[in-house]
Amino acid sequence: MKQTAVIEVNEPPRFVLSRWLFLKLLAVIYFIAFGSLLPQIHGLIGLEGLLPIHLYLQRAFELWGTEAYYQLPTLLWVYPSDALLTSLCWLGVILSTVALTSIAPIPIFGMLWVLYLSLTIAGQEFLSFQWDILLLETGLLAVLYSPFGLHGASMYKKQPAIAARWLIWGLAFKLTFLSGVTKLTSGDPTWRNFSALQYHYETQPLPNWISWHLHNTLDWFGVASVAFMFVIEIVISFVILFPPTFRKIRIIGCFFLCLLQIVIALSGNYGFFNLLTLVLYLSLLDDHTLAKVLPRSISTIPVTHHAENHRVLRPSGYVLGATISLLALLSGLSFVREIVRPTPMPAWTNTAMEWIAPIRSINSYGLFRTMTTERPEIVIEGSLNGTEWKEYPFRWKPSEETQTPNFVQPYMPRLDWQMWFAALSPQDNAHWLFPLAQRILENETSVLNLLGHNPFSEQAPRFVRFLLYRYRFSTPDDEIDGLWWNRKFVDYLTEPISRRTRSLPP
């Protein structure tokens, strides 16, 4: 009969079960990330997409020559095609499923990291969000945190490397603390006077219906919420750095850290960002704590003997130690540079960060460090005759005034998100907005699938134009009439665009 080891409270903190849970949950995040790309990837960067990957790599090679392989390390160099894009996504889905079985965790998580790095680079603006680089950084550290061996049972024999464990916790601290402190160092007045959330729920990229209700609460609630957020991100985040022997303090800190992420997830749509952050926070909990809350079938560890706490140092251990030390140094640099900027750093630090920049796996963070106080939106219209115009609705971003802002996470609708940035700075995003107009004029299915209903399903429009509107959440009285949004026309971003048009007007 298989033996089980029950975790005793008086034992030193162990993280065998904790690592097992961390890797399982990370595999789920990978599954979501790759799976959500499958229905979008062709429309975004495919042969007939908005930013075709083959053209992107071609221009990169013309600019850098063979150095382009270093600057843009992606498997798409092999054959930049729709078929390979689909294959990489499906391979990611398959490998993330394999990762759930705990078979060969080091090579499996290594391949998942390579695949996601390849797609992130290929995705250009559409895969440049903070959760994309967070997944890359977490995924790289997971390779070091994974146990040696080809079978999952090996992870129950020894404690994970202490240094690798602290790298995971260090990332959790860096993400949390920087998210709070950069809001203050940015100089944004809305964060400093605690009024930011009076705008945020309305102006964030993809609100949901809870966002509407939070926006329409009294101002004091928003002020209190900002204070609550700063206390957690700047003060309670230091609990992450407490030694594991401070078990109760770490449990309390983990509770508040997770609570903040749950509140954020309920108030907006941020793809898999909040789930991934929760995975990082749950790694703080040791086996004894997890055994109290997980089902007994999971919390009992199958072993042939008690988990070992000692390690025999082999050559592979020296390599692991050197790698961890290097990553810790570089991660610390990214942290310090974010804290002290715009103060210049020594030249060697710039060189070091430029050296590792292509892998996008050692990063600084700071979501919404500057608060947008108004909500511009680009509305797309098509016409058969240049006189009568019909709007192209989006599934998730605000379109019609009666469109309910719904939940979409953990799915990540990348065009909807990117349209938010485009509305803030249309000219900076013209290089893909114009292709969007052209693909609509061609009735390109892969691109139209990224939108909502196609008002010209039988015949492609002859003209497309972009208009700029200002959106505001409705009031509770308006909501009774079915209105979630009030919008006001601001200006025409373009004249009518036909298929013969080659560029957006200046």
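## Thr387 and its loop

Thr387 sits in the loop that joins strand 3 (375–383) to strand 4 (389–391), where helices (H or I, at least four residues) and strands (E, at least two) are DSSP runs numbered from the N terminus. Because its relative accessibility is 62%, Thr387 counts as exposed; exposed means over 50% relative accessible area, buried means under 20%, and partly exposed lies in between, with a 1.4 Å probe and protein chains only. From C-alpha to C-alpha, Thr387 is 48 Å away from Leu136, and the two are 251 residues apart in sequence.

This is a predicted model, in which local features need pLDDT of at least 70 and side-chain atom pairs count only at pLDDT 80 or more, while totals for chains, interfaces and linings use all residues. Residues are numbered from 1 along each chain as its sequence is written, and side-chain values use heavy atoms, with hydrogens and water left out.

## The chain as a whole

The chain holds 22 helices and 6 strands, and its C-alpha atoms fill a box of roughly 80 × 55 × 55 Å along the principal axes. A compact globule of 506 residues would have a radius of gyration near 23 Å, and the chain agrees with this because its own value is 24 Å; the radius is taken over C-alpha atoms, and the globule rule is 2.2 Å times the number of residues to the power 0.38. Of the contacts with a separation of 6 or more, 77% are between residues 24 or more positions apart, a contact being heavy atoms within 4.5 Å.

Of the 506 residues, 54% count as buried. The chain exposes about 22,500 Å², of which carbon and sulfur atoms supply 63%, as computed by the Shrake-Rupley method with a 1.4 Å probe.

## Nonpolar cores

A nonpolar core is a set of buried Ala, Val, Leu, Ile, Met, Phe, Trp, Tyr and Cys residues joined through side-chain atoms within 4.5 Å. The largest such core has 140 residues, and the members that touch the most others are Phe109, Tyr116, Ile380, Leu415, Trp432 and Leu436. Helix 1 gives the most to this core, with 13 residues. Apart from this core lies another, of 8 residues, including Trp212, Leu467, Trp484 and Trp485.

When residues up to four places away in sequence are not counted, Trp432 touches Leu50, Leu51, Phe126, Leu415, Gln418, Met419 and Ala422.

## Helix 14 under cover

Helix 14 (residues 273–282) is mostly covered, with 8 of its 10 residues buried. The buried residues are Phe273, Asn274, Leu276, Thr277, Leu278, Val279, Leu280 and Tyr281, and among the elements that cover them are helix 1 (16–37), helix 7 (130–145), helix 8 (162–185) and helix 13 (247–267).

## Backbone exceptions

Most residues other than glycine have a negative phi, and most peptide bonds are trans. Ser102, in the loop between helix 5 (82–99) and helix 6 (105–123), has a positive phi near 65°, and Ser102 counts as buried because its relative accessibility is 9%. Gln124, in the loop between helix 6 and helix 7, likewise has a positive phi, near 55°, and with 11% relative accessibility Gln124 therefore counts as buried.

The peptide bond from Gln409 to Pro410 is cis, with omega near 10°, and Pro410 belongs to the loop between strand 4 and helix 19 (414–424).
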